[in-house]
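Please look at the model before reading on.

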Amino acid sequence: MKIRVEQSELSDACSWTTRTLPARPTIPVLAGVRIGAEEGGLHLATFDMETAAKVHVDAVVDEPGTVVVSGRLLADIAKALPKQPVELTLEGSRLSLRCGRSSFGLPTMPVEEYPELPAFPVEAGSLPGSEFGVAIAQVAVAASRDDTLPVLTGIRVELEGDTITMAATDRYRLAVRRLAWSPDDTSISRQVLVKGKQLADLGRTLGEGDSVSLSLGDPESGLIGFSSPDREVVTRLLHGDFPDYRRLLPKDSQTVAETDREELIESVKRVKLVAAERTTPIRLTFSDDEVLLRAGAGDDASASESLECSVSGDPIEIAFNPDYLLDGLQSIPNEKVTLAFTEPRKPAVLSDGPDYQYLLMPMRLGN
Amino acid sequence: MSRSQVKRPKLTTRSSGHDEDCTVLHVDMDAFYASVSLLERPQLRGRPVIVGGAAGRGVVLAASYEARELGVHSAMPMGRARRLAPQAVVVPPDFSRYTEVSQGVMALLRSLTPQVEVLGLDEAFLEVSGARRRLGGATRIAELIRARVHDEQGITCSVGVSATKFVAKLASTLSKPDGLLVVPPEEVVGFLHPLPVSALWGVGDRTEEVLLRMGLRTVGDIAATPQPTLERMLGPAGGAHLLDLAWGRDPRTVEVHEPDRSIGAEETFGTDVDDPQVVLAEVLRLSEKVAARMRKAGYVGRTVQLKVRFADFTTITRSRTLRQPTDTGRDVYNEARLLFQRLGLQRARLRLVGVRMSGLTEVERTPQQMAFDPVPGLNSGWRDVEQAVDLITERFGRGVVQPARLVEPPEIP
């Protein structure tokens with residue numbers, strides 16, 4: 001094998017594929033990155049038996065071939081090299097890297113021991129990368145990080161005709177986002193559960209591209225694929241029944257408030273400073289045309305701040321975990337945010353239109 | 001109890017009279033559990049007495065000085081203690097009484113100075129630099145404490161007086177029982193150096209072995225050893241620390257702190273148990289008990305601790321902090337069970353299990369994050385169930401309603 005590739009392209013490709021490499025792989029070869037050189041370029045691939053990532057890199061291939069080398073080491077070297085073309089040559093059982101005046105020799109791992117990557121599923125449709133990225137970030141914020149209930153660490157993805165609905169909940173809040181996409185088959189009706197952390201990560205990295213495609217295997221395969229023009233990821237779906245979240249969405253509301261989102265975020269951040277513990281609530285009182293924010297009481301530090309706000313319906317006082325409230329406010333892209341309430345012990349809904357809803361359960365003070 | 005039944009404290013004060021620079025007192029009750037147990041059994045005074053589970057086995061919780069002379073000491077298996085002291089009387093422990101007496105003693109100490117660092121039920125450090133002017137010298141305060149503890153509680157204590165915590169504690173230990181020892185700063189070195197190395201804080205069996213192997217038998221031997229030599233033997237921190245102690249240097253101050261409140265319960269099995277189902281049933285019973293006590297006291301807790309003692313007395317604890325504070329037996333049990341399962345015991349023989357909740361806060365003042373569905377914590381429907389059981393228990397007695405797996409099968413006649 002003999003190839004030449006630009007340092008920046010090699011470095012980007014390495015850092016993306018090796019990001020998810022396991023620190024202690026079940027078999028040693030899985031700590032490696034597989035480099036395949038063929039006509040027109042090379043690809044880098046990693047696989048941890050759950051998720052396979054593959055990236056295409058433009059390169060001049062003088063001699064095709066396949067090698068496996070330590071992913072972490074290759075990524076570190078590629079990143080540190082000067083911005084010049086890099087030459088990769090397989091010399092016996094070692095891969096040599098030359099770039100400018102630098103030269104490295106890496107031991108290779110046995111290619112035949114590297115497991116075969118799962119077949120990439122059939123493409124089901126596509127959507128613009130930026131929309132994909134934003135929507136996932138809006139939903140992933142509510143996914144649980146607690147592994148004791150694996151289903152809640154997932155993001156529910158529903159593909160119904162030309163609409164994708166994504167939802168996640170950790171039982172304290174629920175985020176639901178609807179968006180349009182272009183399915184290959186407009187009669188598609190599929191619901192899957194994708195690992196939340198992984199999907200959030202894909203939203204960030206694939207969201208940079210112009211377009212993202214979704215691919216689904218047949219339901220038994222339990223696989224889902226995501227691809228941009230030069231990157232693809234295939235991963236195993238989560239099993240289990242995602243809760244029927246639609247019944248949680250309140251049908252009506254007693255109080256609706258609308259205010260400037262940035263200003264409310266800044267106010268919450270200031271008042272939250274006195275919340276000594278993560279579990280100290282922030283109390284919001286909506287009345288007439290303002291909202292009063294308060295935290296802390298008794299001998300502890302306290303803070304209060306009022307903010308202009310248009311309120312319709314009954315006045316209400318309600319308490320939230322300030323971090324959960326901020327997560328919701330920061331997930332809304334618009335200048336204005338609407339908050340809808342029914343009762344102080346029922347969920348509040350943060351939204352900026354029909355396409356995104358962030359439901360938040362309040363805190364109750366004492367018994 | 002009438003005063004005539006009580007032996008007067010002997011008030012053996014050993015002091016050179018210079019206590020101007022002594023600001024730290026260490027107060028230590030003498031054979032605390034045994035002494036309190038004897039308050040209601042004055043006829044047993046002067047006889048070897050062992051406090052511990054009388055029925056079957058269990059361990060020695062405490063022993064009177066007469067029993068100690070026969071070789072009995074606390075934490076010893078009861079069977080062994082009985083072989084050593086067949087004539088000893090075994091009395092069951094009465095923890096509510098111990099707590100009551102302890103609270104009385106600590107209240108007395110706090111009435112003398114607010115600078116009280118409580119260590120367990122029967123020990124405390126006092127910083128008296130402020131109280132000396134009012135009460136007249138550290139020795140005078142120590143005598144006052146000894147007389148008043150005896151008058152008010154009917155038990156004796158020993159007090160060590162010095163300028164540092166370490167020396168004060170050594171002094172109280174060496175003056176036991178019913179003694180008072182004052183070690184002014186200028187006498188500290190002369191006091192310490194003849195003592196065996198094991199007298200120093202932090203010198204356990206292992207360190208003692210290392211020191212003896214190097215020919216260091218007394219504290220004076222350590223004091224005469226160059227620091228680099230000690231550091232090579234015991235590591236950089238250990239070596240420097242030991243040298244400081246050997247010269248009576250102890251920078252620690254009396255720390256006044258509210259002891260971290262917790263509520264716990266533990267059970268020593270009648271015979272060692274290796275069946276996880278039996279252990280878990282006991283963990284469930286203890287969890288229910290702890291939760292009921294939390295509800296009664298109006299607390300919720302965040303940290304569940306599981307304690308396991310093996311047949312060979314090795315004891316380990318594991319704990320986990322919940323997302324949400326709880327006072328529900330079911331939540332406590334679920335965490336305790338997870339902790340037990342994570343130990344991965346392969347039918348190890350267990351002697352004791354315990355469950356403890358800490359991170360307690362008053363339920364009335366603890367905000368709760370609500371959830372969409374019943375989750376562990378106060379939103380859970382189980383809390384209502386357990387509160388209902390509390391009411392039934394109050395009215396009809398313990399065990400009327402309990403988890404099915406705790407119900408004993410009916411005895412077959």
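A crossing is left-handed if the near helix is turned anticlockwise from the far one by less than a right angle, and right-handed if clockwise. The model is predicted, so local features need pLDDT of at least 70 and side-chain atom pairs pLDDT 80 or more, while totals for chains, interfaces and linings use all residues. Residues are numbered from 1 along each chain, chains are lettered from A in the order written, and side-chain values use heavy atoms without hydrogens or water.

In chain A, helix H5 (residues 261-272) and helix H6 (residues 322-330) pack with axes 10 Å apart, at an angle of about 160 degrees. H5(A) is therefore roughly antiparallel to H6(A) (an angle over 145 degrees). Axes are lines fitted to C-alpha atoms over the stretch in contact, with angles from 0 to 180 degrees between N-to-C directions. Helices are DSSP runs (H or I) of at least four residues, and strands (E) of at least two, numbered from the N terminus. The crossing of H5(A) past H6(A) is left-handed.

Contact means heavy atoms within 4.5 Å. The interface of the two chains is summarised below.

| Item | Value |
|---|---|
| Residues in contact, chain B | 20 residues |
| Residues in contact, chain A | 22 residues |
| Area buried between chain B and chain A | about 1,900 Å² |

Buried area is the accessible area (1.4 Å probe) that two parts lose on being put together, summed over both.

Two backbone details remain. The peptide bond from Lys176(B) to Pro177(B) is cis, with omega near -10 degrees. Met49(A) has a positive phi, near 75 degrees, and sits in the loop between strands S3 (41-47) and S4 (51-57) of chain A.

Technical notes:
Angles under 35 degrees count as roughly parallel, over 145 as roughly antiparallel, 65 to 115 as roughly perpendicular and the rest as oblique.
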